[in-house]
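Morning, everyone. Please have the sequence and the model open while I talk.

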Amino acid sequence: MLEIEGISAAYGEFRVLHEISLGVRSGETAIAVGPNGAGKTTLLKVISGLLRPSLGKIYFDGQRIDDQETHEIVKLGISLVPEGGRLFPYLTVLDNLKIGAFSKKAREEFRKALDEIFGLFPILKDRKKQLAGSLSGGERQMLAIARSLMSRPKLVMLDEPSSGLAPKIMARVFEFVRRIKSQGYSILMVEQNARKALELADHAYLLESGRLQFHGGAEDFVKNPYIKKAYLGI
Amino acid sequence: MFEQILNAAINGILLGGVLALLAFGLNLIFGVVKIIHMAYGQFVMLGLYLIYVLTMQVHLPLVLSALIAVFAMAILGLLTQLLVIGPLLEAPRLNQLLALAGLIIVFENLAMVIWGADYRGIPLYLPILKIGNFFIRGSCLFAFLGALITLGLLYLFLNKTYIGLAIRATAQDTEIVKLMGVNSRSVYFITLAAGGALTGIVAAFFTPIYTVHPHFGSSFTIMAFIIVVLGGMGNLLGGFISAFIIGVVTSVSAVLTTTEIADIIALLIFILVMLVRPQGLLGTRGI
C-alpha cells in the first residue's frame, strides 16, 4: 500500500534522513521506533508532503506521491495525527471533526463518518460543543485520532501518540490505537515507547540517526538482542 | 453640554460601526496570512475613486458603481496575494512589511497621476435626522447599519460555511490545516479577496460621507491598525469592541476639544492600553 524507496530529507543543510526504505501493507500496523532525533517525525512529514524529500520515491497504492501537495495526499487516503494532537484549540470538538472531513469526498460521507467516530469514542459526542482547547490530555489525543479518521483514510499515521502523557493516559491512547486497528485501518506509528508500541505491531522498523538499522516482523524484532537491550530494557 | 456629549457619543458609535468593518478585514488578513496589510486604507481610497469615476464620468447608477467597486477591490486583493504577498510568504517579516508599504506609495502616486490632488466627491445629500434632541447624519446612520449587516453576514460566513471553517482553522494552525485536506494557498486567496471586497464595501459606505484625495487612505490604515492592535491582533471580537471605543473616544473628545486633539487623545489611550496590556484588550487568539 505504502512503498518508500530510498528517501533522504534535510532541513536546509542538516540531513535528517538517509536513504530510508520501508513499506506498509494493507491492513497492517507498522511501527517505527527509535530515540529522540532519529528522524521519525521527519519521516512522517515527508510522507504527508509537509517536507519534500531530497532523494527517493514514495508510492501509495501504486501512485507516486512524493511530488504531491499535502492536501492532495490527504485526499488519496493518508492522514497524519501530529505529535501532541495539534488540535484547533478555538474550534469546538465538532468543528475539529468537521474540518477533518474537509475534502469533497469526505464531506459527502460526513454524517456516516461522524456516527462511526461517536461509536468508537462516545465521550466526544458528549463533548461536541466544547472548545477543543478545554479537553484533557487523553481526550485531546482521542480527538486528534478521531479527526484524522474523518478524512476517510486508508492509512493512518501517528506521530508519538503517547508523548507527554501520564502513564495511565498513555495506556488509554494505545487502547485507542488498538481500536482503530481493529477497524481495519492500515497504520504507521512512530513511537519512543517501543515496548507498548510493539504489542500492536505486525511489522517494525528501527530508526537511528536517520538511518534504518533493522526491520522485521514484530516477533523477530523483539527477539533481536540489541533492540532487547537498548529499547525494551530486557 | 451633556446632550452635546451624548450626541457625540451616538455619532461615535455610528462611526465605530464602519471602523469595525474596516478593521475586520485587516484583522482577518493578519489572523490568517499572518501579515500586516499596510496598504489597506489605500484600497479604500482606490475604491472611493472608482465609485466616483463610474458614477460621475461613466454615469452609471451609484449602486451599480458600488457593486463594481466591491468586485474590483476583491480582484485587487487577489492580485496583491498573487504578486506581492504570495512570493514573500516565507520571507522575513521586514521584507513583507516593506513590500506592502511600497504598495502605499504605488497606489497614492497612481491616484495622484490619474486624478490629481483635488478633493473629489459625489454630491449626495442624505438628510440629517432629528431624533428627540439628537442630530444624526443620515449618511452615517446608513453606513452604520450597512456595516453591521455586513459584519453579521461575515460572521455567518465564518461560522456556518466550510470555507469559513477552513479560514478559522488556518488562522489557528497554518501547517496542520493542510493535513485536513485544505489547500492553504486557496484559503489565502479567498482571505485576500474577502479583505479586498470589504474595502470596496467600506468605500461604498464612505461615499456619502467623505470626499476622496490621494492621501485619503493613510489615516484609515493607521486607524484600522490601531483598532486591531488595541483589540488584540487576530482577535475579531476584540477588534469589534475596540472600533467602538476608538469611535466614541474620538467623537466625544472632538466635541470637548478639537478634532486634532481628539486624535491625540485616542492615540494616548491606545499607548496607555499597550503599556498595561501589550497583547491588546482581549488578547491575541484564533478566530
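**Loops, a sheet and a core**

I start with A:Arg152, which sits in the loop between helix H7 (137-149) and S7 of chain A. A word on naming: helices (H or I, at least four residues) and strands (E, at least two) are DSSP runs, numbered from the N terminus. Phi of A:Arg152 is near 55°, a positive value in a residue other than glycine. Buried or exposed? A:Arg152 is buried, at a relative accessible area of 18%. Buried means under 20% relative accessible area, exposed over 50%, partly exposed in between, with a 1.4 Å probe and protein chains only.

Before I go on, the ground rules. This is a predicted model, where local features need pLDDT of at least 70, side-chain atom pairs count only at pLDDT 80 or more, and totals for chains, interfaces and linings use all residues. Residues are numbered from 1 along each chain as its sequence is written, chains are lettered from A and ligands numbered from 1 in the order in which they are written, and side-chain values use heavy atoms, with hydrogens and water left out.

Phi of A:Arg86 is positive, about 45°, although the residue is not a glycine. A:Arg86 counts as partly exposed, because its relative accessibility is 33%.

Now the sheet. What is the strand order? Six strands of chain A form an open sheet, S6-S7-S8-S3-S9-S10, with mixed pairing. Strands pair if DSSP finds at least two bridges between them. The edges are S6 (78-81) and S10 (211-217) of chain A, each pairing on one side only. On average, neighbouring strands are turned by 15° against each other, direction ignored. For such angles, axes are lines fitted to C-alpha atoms, for helices over the stretch in contact, and angles run from 0 to 180 degrees between N-to-C directions.

Helix H8 (residues 167-182) of chain A packs on this sheet. H8(A) touches S3, S7 (155-159) and S8 of chain A, and its direction makes about 160° with that of S8(A). Contact means heavy atoms within 4.5 Å. S7(A), H8(A) and S8(A) make a right-handed β-α-β unit. Right-handed here means that, with the strands pointing away from the viewer, the path from the first strand over the helix to the second runs clockwise.

Stay with S7(A). Five of its five residues are buried, so S7(A) is largely enclosed by the rest of the structure. In a regular strand the side chains alternate between the two faces of the sheet. Here A:Leu155, A:Met157 and A:Asp159 point one way, A:Val156 and A:Leu158 the other, and all are buried. S7(A) pairs with S6(A) in the parallel sense over four bridges. A:Leu80 has A:Met157 as its bridge partner. S7(A) also pairs with S8(A), again parallel, over five bridges. There A:Val156 has A:Ile187 as its partner.

Next strand along. S3 (residues 29-33) and S8 (residues 186-191) of chain A are parallel, with five bridges. A:Thr29 stands opposite A:Ile187.

At the other end, S9(A) and S10(A) run antiparallel, joined by six bridges. A:Tyr205 stands opposite A:His215 in S10(A). Their hairpin has two residues between the strands, and A:Ser209 takes a positive phi near 45° in it. Helix H11 (residues 225-232) of chain A lies across S9 (203-208) and S10, at about 70° to S9(A).

On to the core. Which residues touch the most other members? A:Leu2 and A:Phe121 do, in a largest nonpolar core of 170 residues. A nonpolar core is a set of buried Ala, Val, Leu, Ile, Met, Phe, Trp, Tyr and Cys residues joined through side-chain atoms within 4.5 Å. Helix H1 (residues 2-33) of chain B gives the largest share, 14 residues. Beyond four places in sequence, A:Leu2 touches residues including A:Ile78 in S6(A), A:Leu155 and A:Leu188.

Last, chain B. Helix H2 (residues 40-57) has 15 of its 18 residues buried, so H2(B) is largely enclosed by the rest of the structure. Just after H2(B), B:His59 takes a positive phi of about 60°. B:Thr150 lies in helix H5 (residues 138-160) of chain B. B:Thr150 counts as buried, at 12% relative accessibility. Leaving aside neighbours within four places in sequence, B:Thr150 contacts B:Leu21, B:Leu198, B:Ile201 and B:Phe205.
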